[in-house]
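Colleague: Can you walk me through this model? Keep it quick.
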Amino acid sequence: MTRRSLLSLAASVGAGLVLRRPSLAFQSGPRIVQADLEAKAGWIPLAGRQAYRYGYNNHVPRPLIEARPGDTIRIRFTNSLPEETNLHFHGLHVSPTGNADNSFVMVAPGEQFQYELPLAANHPGGTFWIHPHMHGAVARQVWRGLAAPVIVRAELDAIPEVKAAAEVVLVLQDVTLGTDGVPLEPGFMEQMAGREGSVITAAGNVNPTIPIQKDGWVRLRLINASCSRFYRLQLEEHELYQIASDGGSLPAPVGLDELLLLPGQRADLMIQGSRAPGAYRLLNLPYNRGTSGMGMGMMGGMGMRVGSSSSASSTIATFAYSGQANRVVPLPQKLISVEPLPPPARVRSFMLGQSMGSGMMGGGMGFGINGRTFDPARVDTRVRLGDVEDWDFVNPMAMDHPMHIHTNPFQIIQSDGSAEQVWRDVVLVRAGERVRVRMAFQDFIGKLMYHCHILDHEDLGMMGVLEISDEA
Ligand code: C2O
Ligand code: CU
Ligand code: CU
């Protein structure tokens, strides 16, 4: 029944940028999507010079892995880095245990690990991604380049107007290179702030050109794979229509002037070539993430301002008109509906803050949740399989934290008490604010993590362990 086939990794993103979709239409039944991934260090061209980077199969950020609901993703992973690493499958609703999306696995240098992730037949379609989850080294390894997109193609992709669009996957990364081409490691204050790079790349390139046809549509699949940077994206003279978020389709397209994309987040945007032919810049506008340092918000932060500190925008990519669409397709009115979750069995509260670490900092200052820094040997939160819960993230600090939960997506509870009709796995908890999310612990038991997706904060200990069990 299970048909095995070797899906060659799409090497089509890159120079051409536009993704040519493998025609899967003739294939039916679940398949094995097989890939070899080797994490490796090497020198690659970046911003006109040679840069020392970590990549999978010598690519930054690639390869692209594409599957459909019901498929099994099987990855033979080889660690050829000079340090331990592992793979996390950000956003996939798969088991967090064994050789699936198990972030407790550590693969030593020179070792191999076979990952196997069966996707349920009802797994949502969406844009997901792979990155390392080696505690204490996540920020450095991602900064050096490790990230790869994962696409699950499902109902949204079958909507004719969506299908007709030219698809472009843009993984956004940033890094600061030393004069020798080796990425610079931040000092402790900068780690507390969350490192941001001086060079921004989209699909591995500085300001790549994205072709768009006059009257045609481009579907941008955006992934923020930067350690800390928040992107505020705007396309000159063009409206953005968001059709999907972290966890897949929105119920209907949402028109936006600008999109805020947090670390770890994904968004699919539809863009129409509706202006006079020419070149238009995809801009990143400045964002102020707050103030880091010793002071808590209520005491008045006295540290450094974090986030883009200049008022200048930078250019992420350039849309260049080329050709004319042979037919004009409207935007679909409806996409895939998002069902609200039932009321929660309980509400929990998670206080974000600085704490005296017992962990990696050797008793020094760390970041924590509910007063504790991350300890992989401790379970911080126990829940029951099948339950629905509301989680409140409380942020008394003077800086923003994008909080992320593995395995199960959530919906944000809005101020009127209703759930946002969007599946997410990263939520912005602004300085001084409290945010509530609702999720159902479905299908999988085991231990998994929740953490701030400013990767320096995660490494500093702002992470907890959740155990989902089926015991009464
Ligand atoms: Cu994308 Cu636990 O992270
Ligand atoms: Cu994740
Ligand atoms: Cu944080």
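Modeller: The protein chain has five helices and 33 strands. Those are DSSP runs numbered from the N terminus: H or I of at least four residues for helices, E of at least two for strands. This is a predicted model, so local features need pLDDT of at least 70 and side-chain atom pairs count only at pLDDT 80 or more, while totals for chains, interfaces and linings use all residues. Residues are numbered from 1 along each chain as its sequence is written, chains are lettered from A and ligands numbered from 1 in the order written, and side-chain values use heavy atoms, with hydrogens and water left out.

Colleague: What is the mean pLDDT of the chain?
Modeller: The mean is 91, and 88% of the residues reach 70 or more. pLDDT is the predictor's confidence in each residue, from 0 to 100.

Colleague: Where does the pLDDT fall below 50?
Modeller: Residues 1-15 are below 50, with 33 contacts beyond near neighbours in sequence. Residues 295-301 are also below 50, with 14 such contacts. Contact means heavy atoms within 4.5 Å. Where pLDDT is low, predicted coordinates should not be read in detail.

Colleague: On to metals. What coordinates the copper ion, ligand 3?
Modeller: His 401 (ND1), Cys 452 (SG) and His 457 (ND1), at 2.0 to 2.1 Å. The donor spacing in sequence is H-x50-C-x4-H. Donors are N, O and S atoms within 2.8 Å of the metal (3.2 Å for Na, K and Ca); water is not among the atoms, so sites may look incomplete.

Colleague: Is Cys 452 buried or exposed?
Modeller: Buried, at 0% relative accessibility. His 457 is buried too, at 0%. The cut-offs are under 20% relative accessible area for buried, over 50% for exposed, and partly exposed in between (1.4 Å probe, protein chains only).

Colleague: New topic. Which residues touch the most other members in the largest nonpolar core?
Modeller: Of its 35 residues, Trp 391, Phe 393, Met 403, Ile 405, Val 427, Val 437 and Leu 466 do. Strand β30 (residues 426-429) gives the most to this core, with four residues. Apart from it lies another core of 29 residues, among them Leu 37, Ala 39, Tyr 56 and Leu 146. A nonpolar core is a set of buried Ala, Val, Leu, Ile, Met, Phe, Trp, Tyr and Cys residues joined through side-chain atoms within 4.5 Å.

Colleague: How many aromatic pairs?
Modeller: The count is 15. Rings of Phe, Tyr and Trp (its six-membered ring) pair if their centres lie within 6.5 Å; planes under 30 degrees apart are stacked, over 60 edge-to-face, the rest tilted.

Colleague: Why is the Phe 89 and Tyr 115 pair classed as it is?
Modeller: The ring centres are 5.6 Å apart and the planes at 65°, so the pair is edge-to-face. Both residues are buried. Ring pairs also link Tyr 56, Phe 77, Phe 89, Phe 113 and Tyr 115 into a cluster.
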